[in-house]
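Q: Please take a close look at a single part of this structure and describe its surroundings for a reader who is new to it.

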Amino acid sequence: MASQYSMQAQTLVNGLPATQIDVTDRALAYGHGLFETLLVLNGKPVFYPAHLQRLMNGCMRLGIPAAGLERQLEADLEYLALPETPSVLKLIFSCGSGGRGYLTPDPASPLRILMLTPMPTYPDQPERGVQVRWCSTRLARQPLLSGIKHLNRLEQVLARNEWSDPAVREGLMCDTEGWVVEGTMSNLCFIRQHRFCTPLLDQAGIEGVVRNQLLQLAADLGLETEQGYYTPAEVESAEELFICNSLIGIWPITRLGERRYTPGPFTAKLQAALQQRMISC
């Protein structure tokens, strides 16, 4: 259970305080948009350049014009005056309003939403280890959408609603061919035979910013890194497993189904290295 929040949420729509958007927005009708969720520490969004790069890549993939977006976001962040206390910044970038039909309006008028909310805290200290499970919902393989954080998260919604046990903190998902991809809200990484392994995301899944940071940090620690296609059995046979994202950092997996794991030394080293990079970036 998260602790009480210590700050009020703030929302900007196209740079101005607002809480409503046009009902004809293509994000509502088609999910035609993208989002990024960033951790704010010491008044700065952590790994902001990497988040921005993924957002711009997504705009290119989805045909959303993004000219001037970087400058607009800088003005939005200045307006919000990001707090020193840990908080969450969510950015939604939609293709904007349009008439009926799938064809993108010409010209399109993108809409950006920034939401600043308090950072939840977890008294049960999941950074020491969490229980996860396998989901039966499968992720569709679609290379045109793989890697980016588009707004259509229905697969994740269905997967997350497969369980209600609060002891289970995450569900792991495979694609329609049975390859392990990611968690419902996280990337999956594991240590096997002194190799840092994480699923290849060229067909499905989100290319997480923290996942990419960990690929670099693992190499710095002398670990061989590997991205590939893995079966659930191969994942379960790993010595160390953990999930990661921009808000939780690294949560070691201590139980997956009926199998139990002990957080290992490489996971601990990566947790420490990631924490140091987040503070100093």
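A: **Buried residues and their surroundings**

L111 counts as buried because its relative accessibility is 11%, where buried means under 20% relative accessible area, exposed over 50% and partly exposed in between, with a 1.4 Å probe and protein chains only. The model is predicted, so local features need pLDDT of at least 70 and side-chain atom pairs count only at pLDDT 80 or more, while totals for chains, interfaces and linings use all residues. Residues are numbered from 1 along each chain as its sequence is written, and side-chain values use heavy atoms, with hydrogens and water left out.

L111 belongs to strand β6, residues 111-118; strands are DSSP runs of E with at least two residues, numbered from the N terminus. Not counting residues up to four places away in sequence, L111 touches V13, N14, I21, D25, I92, F93, S94 and G96, a contact being heavy atoms within 4.5 Å. The C-alpha atoms of L111 and A27 lie 9.2 Å apart, although 84 residues separate the two in sequence.

Another buried residue, E240, is located in strand β13, residues 240-245. E240 has no salt bridge, and the nearest side chain of opposite charge, K269, is 8.8 Å away; a salt bridge requires a side-chain nitrogen of Lys or Arg within 4 Å of a carboxyl oxygen of Asp or Glu, and Lys and Arg count as positive, Asp and Glu as negative, with His and the chain ends not counted. A polar atom of the E240 side chain does lie 3.4 Å from the backbone nitrogen of F266. Among the residues in contact with E240 is C189, which is itself buried at a relative accessible area of 0%.

Methods:
Helix = DSSP H or I, 4+ residues; strand = E, 2+ residues; numbered from the N terminus. Polar contact = N/O pair within 3.5 Å; in protein donor to acceptor, adjacent residues only side chain to side chain.
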